[in-house]
Amino acid sequence: ASPTPPATPPVETSPPETVPGISVVMQPLAELLDDEGILVYCGYYTEAEVSIAGAESAAERISRELTKRLSEGGERGEELFEAASERYRGLDEDMQAIFMPYTLSRQCEVMRGDGAVLSVLCTDRAYDGTAQGSDSYYGMSFSTQSGSALKLGDIFPDTGSLRALVRDAVLAQVEQLENAGEFTGVREFVDSALDGEGWYLTGTGLGLKAAAGEIAPAELGELGFEVPYTELEGLILSQYVPVEAGPEGASGPEAFSLGFDAPASEPVA
């Protein structure tokens, strides 16, 4: 049996000088639900398998947390199934014959993986009978030394100052876009992302992602924003600032690939 994790994460130490070998593999899972013999809902999920050289217990803990979030549909899946069943029953025979099952897929992409942090950006992509469906995004970050989940305040102790800086930075980035006048609710988007799980870390900064239609017309698609670590100096704890130059032959977050058909990622070092 796996040991019970401590109630509070252990005190973080400075990351090692060398980057550990990290591998992240996502195994595909599928859930097909029928309504009286008619397929009305499909769920496509993933099960995580993380390995970290020299930190097996941390890797196991991260795998468990990722899988808990990604391997089942939960409340969202149940809502889609019920909605699909009700929609199907309300159609005539001709429309039932061409009914497209509602779907929910859960995937994630590694945005940063090193001796301090493994940070992923997860995507819930739902088809709910509308023309384009809907997407939602959330980040999950972990200490690669202890495996504990990292909250925003664990990395940026002064979250109030961070919020003000990120808000100004995102607004400045929006102002540089030619469609800036079509954006609404940007401040609320930033606050919601930082208060919840809408943030993640990359190799170069703090990232946020807005779904299509969330702060701008849907035709503009999803929108990503990043505040570089250089602008976060004094707000981020030093142990979470990535080392600029890794060991010879090391590769960055682009070495990671997650998806239904993705092979095992190459170790970072």
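Me: The expected span of a helix is 1.5 Å times one less than its number of residues. In this predicted model, how far apart are the end C-alpha atoms of helix α2?
Reply: Helix α2 runs over residues 74-89 and has 16 residues. At 1.5 Å a residue, α2 should therefore span 22 Å. The model agrees with this, as the distance between the end C-alpha atoms of α2 is 23 Å.

Me: Which residues of α2 are buried, and how wide an arc do they cover?
Reply: The buried residues of α2 are G77, L80, F81, A84, S85 and Y88. They lie on the same side of α2, because the arc they cover around the axis is only 130 degrees.

Me: Which exposed residues does the opposite face of α2 carry?
Reply: The buried side of α2 has cover that includes β1 (22-35), β2 (38-52), α3 (93-97), β3 (102-113) and β4 (117-127). The face turned away from that side carries exposed residues. These are E75, E78, E86 and R89.

Me: Is S146 buried or exposed?
Reply: S146 sits in the loop between β5 (134-143) and α4 (152-155). The cut-off for a buried residue is under 20% relative accessible area. S146 has a relative accessibility of 17%, so S146 counts as buried.

Me: What is the phi of E36?
Reply: E36 is in the loop between β1 and β2. With a relative accessible area of 77%, E36 is exposed. Most residues other than glycine have a negative phi. E36 is not a glycine, yet its phi is positive, at about 60 degrees.

Me: Over which residues does pLDDT stay under 50?
Reply: The protein averages a pLDDT of 85, and 83% of the residues score at least 70. Where pLDDT is low, the predicted coordinates should not be read in detail. The model has 50 contacts beyond four places in sequence for the stretch where pLDDT stays under 50, residues 245-269.

Note on methods: Residues are numbered from 1 along each chain as its sequence is written. This is a predicted model: local features need pLDDT of at least 70, side-chain atom pairs count only at pLDDT 80 or more; totals for chains, interfaces and linings use all residues. Side-chain values use heavy atoms; hydrogens and water are left out. Helices (H or I, at least four residues) and strands (E, at least two) are DSSP runs, numbered from the N terminus. Buried means under 20% relative accessible area, exposed over 50%, partly exposed in between (1.4 Å probe, protein chains only). The arc is that of the directions from the helix axis to the C-beta atoms. Contact means heavy atoms within 4.5 Å. pLDDT is the predictor's confidence in each residue, from 0 to 100.
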